[in-house]
Amino acid sequence: WWNEFPQALHRIVPVGYHAERHNSASYAEALGLAYVSLHPNALTMAEAIVHETQHNKLNTLLQMEPVLRNGHSCWTTSPVRPDLRPLNGVLLAAHAFVPVSAMHHRLMLANAPQSQHLEFNKRRIEVLQSNQKAIDTLKEKAEPTKRGATILNGLYALDAAIRAAS
């Protein structure tokens, strides 16, 4: 992830400050940018950077070729949003949050100070549960292209490794 970071995220644009709420966004039409509200929790900021970098990576690929044959035609519930989403939206969520989960796992292994807080473990479990829902949805509904199958299999393997080690 770290080696790909400079190619995937070129600029972070701050968009306000909220002490209790965090917002971030990236757009397929503005590759390399992430719009991020500032937040006092460093872990929240790190999650946003990982998340939006992953969106930029996948959006770059999606500009060149599809990952799912039914990514725009299959609408389903989302593990991270209350509204129906195209399956590509579920893929974007999983592709962003499985690496966030990997970051959480690495912080735990390193015994990082952030990982010692009760709220960290609550968040880690929340992300793992959401990832499971997204992956279950993808396994059930996704019709990947050849490259898409490679991406999904890598995503599934990373998630399984994190779960096995947790």
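Q: Which residues of H3 and H5 meet each other?
A: In this predicted model, H3 contributes Leu91, Ala94, His95, Val98, Ser101, Ala102 and His105. On the H5 side, the residues are Ile151, Leu152, Leu155, Leu158, Asp159, Ile162 and Ala165. By class, the contact of H3 with H5 holds ten nonpolar, three polar and one charged residues.

Q: At what angle do H3 and H5 pack?
A: The angle is about 35°, and the axes of H3 and H5 are 10 Å apart. H3 passes H5 in a left-handed crossing.

Q: And H3 with H4, what is the angle there?
A: H3 and H4 cross at roughly 145°, and their axes come within 8 Å. The crossing of H3 and H4 is left-handed. From H3, the contact is made by Leu87, Val90, Leu91, Ala94, Phe97, Val98, Val100, Ser101, His104, Leu107 and Met108. From H4, it is made by Phe120, Arg123, Arg124, Val127, Leu128, Asn131, Ala134, Ile135, Thr137, Leu138 and Lys141.

Q: How many of those residues in the contact of H3 with H4 are nonpolar?
A: The contact of H3 with H4 has 15 nonpolar residues, along with four polar and three charged.

Q: Is H3 largely enclosed or largely open, and why?
A: H3 is largely enclosed by the rest of the structure, because 20 of its 23 residues are buried. Buried here means under 20% relative accessible area.

Q: What span should H3 have, and what does the model give?
A: H3 covers residues 87-109, and at 1.5 Å a residue its 23 residues should span 33 Å. The end C-alpha atoms of H3 are 33 Å apart, which agrees.

Q: Is asparagine 111 buried or exposed?
A: Asparagine 111 is exposed, with a relative accessible area of 56%.

Q: Moving on to H4, which of its residues are buried?
A: The buried residues of H4 are Phe120, Arg124, Val127, Leu128, Ser130, Asn131, Ala134, Ile135, Thr137 and Leu138. They pack against H2, E4, H3 and H5.

Q: How do the axes of H4 and H5 cross?
A: The axes of H4 and H5 (residues 146-165) cross at roughly 145° and come within 11 Å. H4 passes H5 in a left-handed crossing.

Q: Which residues of H4 and H5 meet?
A: In H4 they are Leu128, Gln129, Asn131, Gln132, Ile135, Leu138 and Lys139. These meet Leu152, Leu155, Tyr156, Asp159, Ile162 and Arg163 in H5. By class, the contact of H4 with H5 comprises seven nonpolar, three polar and three charged residues.

Q: Changing topic to H2, how far does that helix reach?
A: H2 takes in residues 42-64, which is 23 residues, and reaches 34 Å from its first C-alpha to its last. That is close to the 33 Å expected at 1.5 Å a residue.

Q: What happens at the start of H2?
A: A side-chain oxygen of asparagine 41 reaches to within 2.8 Å of the backbone nitrogen of leucine 43.

Q: And threonine 53, is it buried or exposed?
A: Threonine 53, which lies in helix H2, is buried, with a relative accessible area of 0%. The side chain of threonine 53 reaches the backbone oxygen of isoleucine 49 at 2.6 Å.

Q: Where is glutamate 65?
A: Glutamate 65 is in the loop between H2 and strand E4, residues 75-76. Glutamate 65 is partly exposed, with a relative accessible area of 25%.

Q: Which side chain does glutamate 65 join through a polar contact?
A: Its side chain is joined to that of arginine 147 by a polar contact of 2.8 Å. Glutamate 65 and threonine 145 are 80 residues apart in sequence, with their C-alpha atoms 9.1 Å apart in space.

Q: Last one: where is proline 6 found?
A: Proline 6 is found in helix H1, residues 5-8. Proline 6 is partly exposed, with a relative accessible area of 47%.

Terms used. Residues are numbered from 1 along each chain as its sequence is written. This is a predicted model: local features need pLDDT of at least 70, side-chain atom pairs count only at pLDDT 80 or more; totals for chains, interfaces and linings use all residues. Side-chain values use heavy atoms; hydrogens and water are left out. Helices (H or I, at least four residues) and strands (E, at least two) are DSSP runs, numbered from the N terminus. The expected span of a helix is 1.5 Å times one less than its number of residues. Buried means under 20% relative accessible area, exposed over 50%, partly exposed in between (1.4 Å probe, protein chains only). Axes are lines fitted to C-alpha atoms, for helices over the stretch in contact, and angles run from 0 to 180 degrees between N-to-C directions. A crossing is left-handed if the near helix is turned anticlockwise from the far one by less than a right angle, and right-handed if clockwise. Contact means heavy atoms within 4.5 Å. Ala, Val, Leu, Ile, Met, Phe, Trp, Tyr, Cys and Pro count as nonpolar, Asp, Glu, Lys and Arg as charged, and the others, Gly among them, as polar. A polar contact is a pair of N or O atoms within 3.5 Å; within protein, one must be able to donate a hydrogen and the other to accept it, and residues adjacent in sequence count only if both atoms are side-chain atoms.
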